[in-house]
Amino acid sequence: MKYKCYISKSIRIQRELHTLYLSQEKYIDKMLDRFCMADAKPLGVPLQPYDKISKEDCPKTQEAINDMQGVPYASACGSLMYAMVATRPDIAYVVGVVNRCTANLDKAYWNAVKSITRYLKGTKNKCLCYGKGPLELKSFYNSNMAGDVDTRKSTSGYVFTLAGGAVSWCSRLQKVVALSTTKTEYISATEASKEAIWLAHLCSEFGLLEKAPVLSCDSQSAICLAKNAMFHACTKHIDVCLHFIREVLEDGLITLIKVHTSQNPADVLTKCLPKAQHQICIQMVGVM
């Protein structure tokens with residue numbers, strides 16, 4: 001027997017035996033109608049890996065400026081952000097990309113927003129599922145070296161799952177320009193470790209966590225740097241504040257392990273992926 005209810009008129013909660021499903025199908029339909037995209041052709045990925053948008057993509061003529069003045073860009077970005085925060089970690093990275101600039105935009109930005117919306121149309125039936133995996137906290141983090149074409153800053157991403165579904169996720173630009181892939185991964189590890197400690201305390205209060213949470217990444221160099229406090233020339237540019245992760249490792253508050261890149265779902269939070277890899281990543285965080 002299935003039980004259904006609605007929260008805030010946008011998120012549907014459906015329970016079947018020991019499995020919980022969260023979805024936003026009706027909200028996405030309303031969003032498609034609002035922006036006149038109900039008849040648009042669905043897409044398999046939010047953005048293609050070769051799609052690059054930059055602040056340099058600004059109107060070059062007065063005619064182009066006039067064409068963009070009536071575009072509801074900010075409203076569309078806000079609608080996408082609500083879907084991302086609620087049940088769709090699979091669009092976290094691309095929503096962050098289109099929100100980095102909201103003024104003096106060219107059609108490239110608007111086309112990117114429409115592409116994400118078309119992806120949501122094709123995947124509006126997908127749910128965030130809980131109960132497909134063991135009742136334990138799992139975490140993954142990753143980074144994308146110099147992914148921002150304007151500032152050359154890297155993107156950090158992490159996702160935490162419980163009972164097979166994502167409970168916390170983040171995709172954001174790093175505050176500094178990293179000089180190596182090791183540093184980008186190290187920064188991501190520090191950010192993820194802070195979230196891991198908070199979630200571990202929360203889970204322990206409910207009796208759901210009996211051991212230190214495990215952070216999984218695909219960078220062996222970042223793991224070695226976090227576990228080895230020795231100073232050397234290759235790491236002298238790394239800020240002291242980022243060495244927080246060394247303390248929590250020594251205190252046993254978290255554990256770092258390596259996973260293969262193909263088994264790291266945080267990859268979808270740092271870059272645009274081909275369709276096959278995109279599908280693998282979102283399934284690993286419970287979007288089905």
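In which helix is L202 found? L202 belongs to helix α6, residues 181-205, where helices are DSSP runs of H or I with at least four residues, numbered from the N terminus. The model is predicted, so local features need pLDDT of at least 70 and side-chain atom pairs pLDDT 80 or more, while totals for chains, interfaces and linings use all residues. Residues are numbered from 1 along each chain as its sequence is written, and side-chain values use heavy atoms, without hydrogens and water.

L202 has a relative accessible area of 33% and is therefore partly exposed, a class between buried (under 20%) and exposed (over 50%), with a 1.4 Å probe and protein chains only.

The largest pocket holds about 320 Å³ of space. Its lining has 21 residues, with Y93, V97, R100, G147 and D148 nearest the centre. On a 1 Å grid over the protein atoms alone, a pocket is an open set of points with protein on both sides within 12 Å along at least five of seven lines; a cavity is a set where a 1.4 Å probe fits but cannot get out, and lining residues have an atom within 4 Å of a point. Volume is the space filled by probe spheres set on the points, which are joined across faces, edges and corners.

The whole structure has two cavities of 30 Å³ or more. The largest cavity, of about 70 Å³, is lined by residues including P46, Y93, V268 and H278. The second largest cavity has about 30 Å³ of space, and P89, D90, V159, P265, V268, L269 and V285 line it.

Note on methods
Helix = DSSP H or I, 4+ residues; strand = E, 2+ residues; numbered from the N terminus.
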